[in-house]
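Open your viewer and get ready to click through a few side chains with me. We will go from stop to stop, selecting residues as we go.

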Amino acid sequence: MAVFVLDKQKNPLMPCTEKRARLLLQRGRAVVVRLHPFIIRLKDRIGGETQPLRLSLDPGSKTTGIAVVREVERIDPDTGEVCRDAPVLWLAELAHRGTQIRERLAARCACRRRRRTANLRHRAPRFHNRTKPLGWLAPSLRHRLDTTLNWVQRLRRLAPITALSQELVRFDTQALQNPEISGVEYQHGELAGYEVREYLLEKWHRTCAYCGATQVPLEIEHIHPRSRGGSDRISNLTLACRPCNQRKGRQPIETFLARAPKRLAPIKAQAKAPLKDAAAVNTTRWALFQALTATELPVETVSGGRTKYNRTRLDIPKTHALDAVCVGTVNQVQDWNRPFNIQTPGGTVQGISHRYCQVLQRADGYGYAFQPKPTMEEARRAA
C-alpha cells in the first residue's frame, strides 16, 4: 500500500512507496502525521506535480470496498483503442454497523413502549402527527451513507483525487447500440448471466446447496425443474456441484432430498430469504451518487456485472477492496498483489516495550485491521 504524502502546508501530493517514505523519515525530511492510513508530511516542499488519481467505491450493505488507483491511458498498437490501466495505490474495506444500529434502536423503542404503556396510558399517541423530510433515510442506512462520504472527503484531503467511480447501475447501452432490441434479446448482451451468477454466489455462500461442497466448480440449478413448470426467478435458482446437479436431474427437490429432510428445510428457507441486504444497497445507492456528484468531480457509474466481468477477466481474487479496483472501465490492474508487511533483514520485530513508543494517533471512532491477502488458487476457486 502506498503512503499518503502532504506538503509543508498540508496540501496533498502524490502518494509514495513505503521504501521512499522510510528514507524520507530517516533523513529527517518528513514527519509522521497518522498511522491509519499512514500519512507523512514533508518539511521542505510546497506543491509539486501530480497525476490523475481515481477513487473507486464498491458499496455494500455490510462492507464497502474502497480503492485509490492511478489512471494510466495508453493506446493499443494493434487496434488503436485507448485503454485504461489502473495501478493500485491504496485499498481498504469499510465495515458498516447498520445491523447494530438497528438492533439498538429496536431495544430503545421497546423500552419507550414499556414506559409509555405503564405511565401514560391515558395520553393519546402523538407519533401519527410526525412527518419525515424529503430524502429521509433510516439511521442504519444513514450510517452507511455518512461513513462512506466521510472517507471520500478524507481521501480527497490526502491525495489529489481527480475522478470517482461507483458501482451503481448499468445504462441501457444495448438499446443505444441497437435501438430495435426488444424482449429476450436484452438478456443476451455482453454481460449476460454475470448479474445472476454473482448474486447467487453471494446468496448461497459459494457452496453446493445439496452436499455443502466448497472450492469446487458450481453450476446454476433450478430448485423446481423447468421441465415441471419451474421458472427462472431468483427464488427458484440455487448453486450445485456437477455431480449433485446430474443426480437431481428433473426430479423435484422433495424427491431428491427425501432421505435428507434436515437439508431440505434450510434450502427452501434460503431460497425465500428476505432481500434486506439488497434493499439496503438499493435505498442508499442513489443518495450516495447524488452526494458524489455534489463534489463536482467526474463520477463514473457501472453495474455489479461489469465489476465481476473485469475481475474474472483479470483473474483477481474476490474481496470488497479488489472489487472496488475493478469498478468501471479497466483494461489492466497492476500492483494489487504487493506485500503489505515491511520485513527487516532479521524478520518481523515484535514484543517492543511501551517505554520505547510514543503516541502518534489517537482514536478517531474507527477500528483498523489488516486482512490476509488471498492466494491465486483461492481466487480461481472463488471465481
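**Stop one: rings and a charge**

Select Arg-154 and Trp-151: the arginine lies over the face of Trp-151, 4.3 Å from the ring centre. Keep in mind as you look around that this is a predicted model.

Leave Trp-151 on screen and look for ring partners. The whole structure has four aromatic pairs. In one of them, the ring centres of Trp-90 and Trp-151 are 6.3 Å apart and the planes are at 25 degrees; planes under 30 degrees apart count as stacked, so this pair is stacked. Now colour by secondary structure: Trp-90 belongs to strand β7 (residues 82-95) and Trp-151 to helix α3 (residues 139-158), so the pair links distant parts of the chain, 61 residues apart. Are these two tryptophans buried or exposed? Trp-90 is buried at 7% relative accessibility, and Trp-151 is buried with a relative accessible area of 7%.

**Stop two: the nonpolar core**

Next, select Phe-4, Leu-55, Ile-66, Trp-90, Leu-155, Ile-161 and Leu-292. Within the largest nonpolar core, which has 30 residues, these touch the most other members. Elements giving two or more residues to this core include β1 (4-6), β8 (161-167) and α9 (276-293). Helix α3 supplies the largest share, seven residues.

Centre the view on Ile-66. Among the residues that Ile-66 touches are Leu-55, Trp-90, Trp-151, Leu-155 and Ala-324. Another core, of 18 residues, lies apart from the largest one; Leu-200, Leu-201, Ile-223 and Phe-256 are among its members.

**Stop three: salt bridges**

Now switch to charged side chains, where the structure holds 13 salt bridges. Start with Arg-54 and Glu-71, whose closest N and O atoms are 2.7 Å apart. Arg-54 sits in strand β4 and Glu-71 in the loop between β5 and β6, so this bridge ties together parts that are 17 residues apart in sequence. Arg-54 is buried at 10% relative accessibility, and Glu-71 is buried at 19%.

Move on to Arg-74 and Asp-85, which form a salt bridge with closest N and O atoms 2.8 Å apart. Here Arg-74 is partly exposed at 29%, whereas Asp-85 is buried at 5%.

For a contrast, select Asp-232 and Arg-226, which meet in a salt bridge at 3.7 Å, N to O. Asp-232 is partly exposed at 48% and Arg-226 is exposed at 55%. To finish, show Arg-54, Glu-71, Arg-84 and Glu-300 together: salt bridges with shared partners join them into one network.

Key: Residues are numbered from 1 along each chain as its sequence is written. This is a predicted model: local features need pLDDT of at least 70, side-chain atom pairs count only at pLDDT 80 or more; totals for chains, interfaces and linings use all residues. Side-chain values use heavy atoms; hydrogens and water are left out. Rings of Phe, Tyr and Trp (its six-membered ring) pair if their centres lie within 6.5 Å; planes under 30 degrees apart count as stacked, over 60 as edge-to-face and the rest as tilted. Helices (H or I, at least four residues) and strands (E, at least two) are DSSP runs, numbered from the N terminus. Buried means under 20% relative accessible area, exposed over 50%, partly exposed in between (1.4 Å probe, protein chains only). A charge sits over a ring if NZ of Lys or CZ of Arg is within 6 Å of the ring centre and within 35 degrees of the ring normal. A nonpolar core is a set of buried Ala, Val, Leu, Ile, Met, Phe, Trp, Tyr and Cys residues joined through side-chain atoms within 4.5 Å. Contact means heavy atoms within 4.5 Å. A salt bridge is a side-chain nitrogen of Lys or Arg within 4 Å of a carboxyl oxygen of Asp or Glu. Lists of a residue's contacts leave out its neighbours within four places in sequence.
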